[in-house]
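Dear colleague,

Please find below the structure that I am handing over to you. My notes on what was found in it follow directly after.

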Amino acid sequence: MTDITLYNTAHRRKEPFRPIDPSNVRMYVCGPTVYDRAHLGNARPVVVFDTLYRLLRHVYGADHVTYVRNFTDVDDKINARAAETGRSIREITDETSRWYLDDMAALGALEPDHMPRATEWIAQMVEMIAGLIARGHAYEAEGHVLFRVRSYKDYGALSGRSVDDMIAGARVEVAPYKEDPMDFVLWKPSSDDLPGWDSPWGRGRPGWHIECSAMSFELLGESFDIHGGGNDLQFPHHENEIAQSRCMGHGFANVWMHNEMLQVEGKKMSKSLGNFFTVRDLLDQGIPGEVIRFVFLSTHYRKPMDWTAEKAREAEATLRKWYRLADQGPDGQEVYRPVVNALADDLNTHLALSELHQLAHAGDVGTLRSSMQFLGLMADGIPVWAKEEGPSGEVAALIEDLLADRKRARTEKDFARADAIRDAFAAAGVIVKDTAEGAEWELSPDFDLAKLEALK
Ligand SMILES: Nc1ncnc2c1ncn2[C@@H]1O[C@H](COP(=O)(O)OP(=O)(O)OP(=O)(O)O)[C@@H](O)[C@H]1O
Ligand SMILES: [Zn+2]
């Protein structure tokens with residue numbers, strides 16, 4: 001069996017992965033708050049943990065892995081969106097959840113085995129909150145229930161910081177009913193115009209953190225193998241989840257995995273900063289989902305990354321080449337061992353892609369096909385966009401620009417430049433024919449975009 005090694009944030013090192021029960025490997029990933037289209041940053045954990053899910057299914061068997069990802073469908077941002085638009089909360093959360101699943105499917109992400117909506121698990125949250133009060137880890141104050149952070153001595157262990165350091169660095173809400181500014185909300189009262197459920201503490205709604213503790217417990221049990229999410233959730237969300245579940249006497253998650261952020265000019269892409277574009281924006285611009293997935297896979301999940309048009313162009317050119325080859329491959333070949341091994345080493349997706357380059361280079365079309373399927377780059381055969389004749393608009397525009405540049409160089413008798421362009425076309429596999437009507441060109445099967453981009 002393949003040995004998997006994963007970086008465990010909780011211990012800040014790579015560790016051999018040993019599931020609690022190899023016949024049911026269990027993973028929980030924090031899902032979206034559903035009030036708006038997912039931005040490209042939100043898609044990063046989806047692709048990262050989908051890749052891990054695929055690896056686990058490959059190693060332990062598809063029926064021996066349980067993947068849970070929630071929908072947060074009760075939240076003040078959702079209430080605000082409903083108030084702004086005059087639409088009902090349910091309409092907004094239903095529509096947004098559907099969009100989310102469509103957009104993520106376009107990126108080749110498999111659906112998790114369970115996708116619990118928080119509002120369907122309120123009774124279980126209430127029960128857990130009552131349990132925390134009974135154990136002295138929570139208290140009721142003015143219709144709120146708060147978690148008593150100082151009652152959990154390991155608080156902060158995941159981030160490796162002390163409670164006092166965290167208070168200093170965080171925006172903690174100071175409220176008169178809190179015993180300590182660090183205490184966080186498990187339950188809060190709802191006015192009549194807001195969603196609310198009856199509880200021992202009056203009509204109200206749950207805090208965000210308790211959702212994940214309650215739903216992971218119900219669907220995966222007291223202890224499970226992997227808990228994932230973006231590293232922006234590490235504190236406070238994941239520290240709070242750990243505090244709640246451990247104080248209930250649960251073992252909770254063994255391995256904590258966090259993806260780094262998708263950035264825009266050095267800053268996290270986020271709704272609050274307004275520096276975002278959605279997955280749907282890219283798809284609508286004609287950028288295929290496979291290209292977006294490829295760009296994600298080319299950077300390791302623990303490194304920050306940017307989205308650039310150039311990365312998308314290169315990914316598209318590579319994928320077109322691979323699809324042309326894989327199209328000739330028989331189905332049902334084994335996945336290439338080095339590709340599996342690359343993922344088994346803390347999801348080294350960059351290395352996995354280099355292994356695919358090797359396969360393409362060697363012309364092993366059947367193994368290329370099965371390995372692309374394994375990485376989620378090829379669901380049902382060759383995607384339609386890759387079957388269409390000719391390269392994408394972006395590649396064509398680049399070639400046309402270079403041809404214009406060559407013409408100018410010739411007119412200006414800059415033969416060095418004209419020759420450099422000619423040589424680069426030859427090296428990149430662009431076949432140029434000069435005709436009376438001007439230059440005509442086509443791509444040879446081993447077209448290599450990188451060799452052209454070097455010229456720009
Ligand atoms: N820029 C980003 N890069 C990578 N992952 C991100 C990024 N922004 C959010 N995520 C992840 O997306 C997932 C869904 O989170 P959620 O719906 O709470 O996003 P969000 O908090 O609304 O986004 P934002 O931070 O833009 O408001 C979480 O796992 C979160 O860590
Ligand atoms: Zn969570």
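**The parallel sheet**

Met 27 stands opposite Ile 226 in strand 9. The model is a predicted one, in which local features need pLDDT of at least 70, side-chain atom pairs count only at pLDDT 80 or more, and totals for chains, interfaces and linings use all residues. Residues are numbered from 1 along each chain as its sequence is written, while chains are lettered from A and ligands numbered from 1 in the order in which they are written.

Strand 3 (residues 25-29) runs parallel to strand 9 and is joined to strand 9 by 3 bridges. Strands (E, at least two residues) and helices (H or I, at least four residues) are DSSP runs numbered from the N terminus, and two strands pair if DSSP finds at least two bridges between them. The open sheet here has 4 strands in the order 4-3-9-10, with parallel pairing. Strand 4 (65-69) and strand 10 (252-259) are its edge strands, each pairing on one side only. On average, neighbouring strands of this sheet are turned by 20° against each other, direction ignored.

Helix 6 (residues 208-220) lies across strand 3, strand 4 and strand 9, and runs at about 155° to strand 4. Axes are lines fitted to C-alpha atoms, for helices over the stretch in contact, and angles run from 0 to 180 degrees between N-to-C directions.

Strand 5 and strand 6 pair in the antiparallel sense over 4 bridges. These two strands form a hairpin with 2 residues between them, and Glu 142 in the turn has a positive phi of about 50°. Phe 147 in strand 6 is the bridge partner of Ala 138, and Phe 147 also has Phe 184 in strand 7 as a bridge partner. Strand 6 (residues 144-147) and strand 7 (residues 184-189) pair over 3 bridges, again in the antiparallel sense.

Which residues come nearest to ligand 1? Of the 19 around it, they are Pro 32, Gly 41, Gly 230, Ser 270 and Lys 271, where a residue is near if its C-beta atom, placed from the backbone, lies within 6 Å. Domain 1 and domain 2 each contribute at least three residues to this shell. Helix 1 (40-60) and strand 9 (223-230) each supply at least two, and helix 1 gives the most, with 4 residues.

UniProt, in an unreviewed entry, lists residues 395-441 as "domain: Cysteinyl-tRNA ligase anticodon binding"; UniProt positions are given in the numbering used here, feature names are shortened, and annotations may be inferred rather than shown by experiment. Over residues 395-441 the chain is 66% helix and 21% strand, with the end C-alpha atoms 12 Å apart.

With kind regards

Technical notes. Domain bounds come from an automatic or database domain assignment. Two residues are in contact if their C-beta atoms, placed from the backbone, lie within 7 Å.
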